[in-house]
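Let's take a walk through this fold, helix by helix and ring by ring. Have the model open and follow along.

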Amino acid sequence: MNAKEILEAVRAEQYKRAEQSGYKRLSKAEEAPFREWKVARYSEAIELDPSFGDAYAERGTELYFLGRRAEAKADIRKAFALGVSDPELYAMMAMPFAGEEKREILRAGMNLIDRASEETGWFYDDLYSMLIQSYWYDGNFGEYAGLLEEWVPQLQPTDRMYRIALDSLGTAYSALEKHAEAEAAYRRALVATPPTEKQYVADMVVRTLMHRDQYGEALLVLEELANSLPADTHGIFTAALTVLRDPGSALAQAVSAAALTAAEDWGMRPGPLGDSTSYYSFLLGLVYRGVGKNREAAEILARFADEAAANKREWGITMRWEIAKARELATTN
């Protein structure tokens, strides 16, 4: 078996395992042994053909997901120097890097793609989306927004990437504190989003109004978008907005009591900010205030603020308003 055949055999095994698991996402512990096996197989391919860039790219990707970042970068830089034939590998190759080095890798992959091809042309936009996103991680929100503003008119409104780009544009405007423009971008994205995927975008339309302290208007928009939101989500947002608009009122207490069970369920689920902190933790803190559980509210709001602020590249930017509001309310009876 030559080096290329080894890669083909590994991919065949990967597809077989995915089909057997029903494409279920495995835990890191479940994935690790298979990733180690793939690293060993790619090492065999490299030993057979040290000039085979694709094998270095594949091994570097697996090392990255195993947390062996220095080795991953070394392999991927080697792959880039040798040349990689599969454009789809460039998306994975770019993952360990940032800034111009990341963009150089992505541009190389884009240059391999025939945009007119029905088979591979779609992947050009995926790589370009990653290239644009790299400016977000650089903290260059102006360039990020500018590139998205140029790109959106080039996309077909029926394309998946059109709504993704508009959603990203809303995020860019929010980071620049241009909240009215963010709302407009999210509303355009909402129109282009299938009904089964509308919840997140509808959430963001409401949140742009929250960010301007327009709680009454946000409640009206919430009713306008009610069909795009699950009942629990609608109830939790209604309670949170009512608490912000009319703290201590009988209405705030009533809607918070009605939403409490769902808010605790959502707010205590594992999220990206620590073991059990997510955006819904912020909303749960508001619901707790609505029902008079001020100690519990202070605890969860303070934890949310600290963990969100610690994630400076993403949550610390997109949730600046929530972080400030959580800290304010955590110290207010």
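Start with F282 and W321, which are both buried; buried here means under 20% relative accessible area, against over 50% for exposed and partly exposed in between, with a 1.4 Å probe and protein chains only. Before going further, a word on what you're looking at: this is a predicted model, in which local features need pLDDT of at least 70, side-chain atom pairs count only at pLDDT 80 or more, and totals for chains, interfaces and linings use all residues. Residues are numbered from 1 along each chain as its sequence is written, and side-chain values use heavy atoms, with hydrogens and water left out.

Back to that pair. A pair of aromatic rings is described by the distance of the centres and the angle of the planes. Rings of Phe, Tyr and Trp (its six-membered ring) pair if their centres lie within 6.5 Å, and planes under 30 degrees apart count as stacked, over 60 as edge-to-face and the rest as tilted. By this rule there are twelve aromatic pairs. W136 and F141 make a tilted one, at 4.8 Å centre to centre with 55 degrees between the planes, and both of these residues are buried. For F282 and W321 the ring centres are 6.1 Å apart and the planes stand at 80 degrees, so this pair is edge-to-face. It ties together distant parts of the chain, since F282 sits in helix 15 and W321 in helix 18 (residues 320-330), 39 residues apart. Helices are DSSP runs (H or I, at least four residues), as are strands (E, at least two), numbered from the N terminus.

Now bring helix 13 into view. The axes of helix 13 (residues 231-245) and helix 15 (residues 279-290) come within 8 Å and cross at roughly 60 degrees. Axes are lines fitted to C-alpha atoms, for helices over the stretch in contact, and angles run from 0 to 180 degrees between N-to-C directions. The two helices are therefore oblique to each other, given that angles under 35 degrees count as roughly parallel, over 145 as roughly antiparallel, 65 to 115 as roughly perpendicular and the rest as oblique. On the helix 13 side, the contact (heavy atoms within 4.5 Å) is made by T233, I236, F237, A239, A240, V243 and L244, and on the helix 15 side by Y279, Y280, L283, L286, V287, R289 and G290.

Helix 6 (residues 99-111) and helix 7 (residues 121-137) have axes that come within 9 Å and cross at roughly 165 degrees, so they're roughly antiparallel. Here K102, R103, L106, R107, G109 and M110 of helix 6 meet Y124, L127, Y128, M130, L131, S134 and Y135 of helix 7.

Helix 7 also holds D125. Is that residue buried or exposed? At 15% relative accessibility, D125 counts as buried. Leaving aside neighbours within four places in sequence, D125 is in contact with R115, W151, L155 and M161.

Last stop: L63, in helix 3 (residues 53-65). With 4% relative accessibility, L63 counts as buried. Not counting residues up to four places away in sequence, L63 touches V39, R68, E71, A72 and D75.
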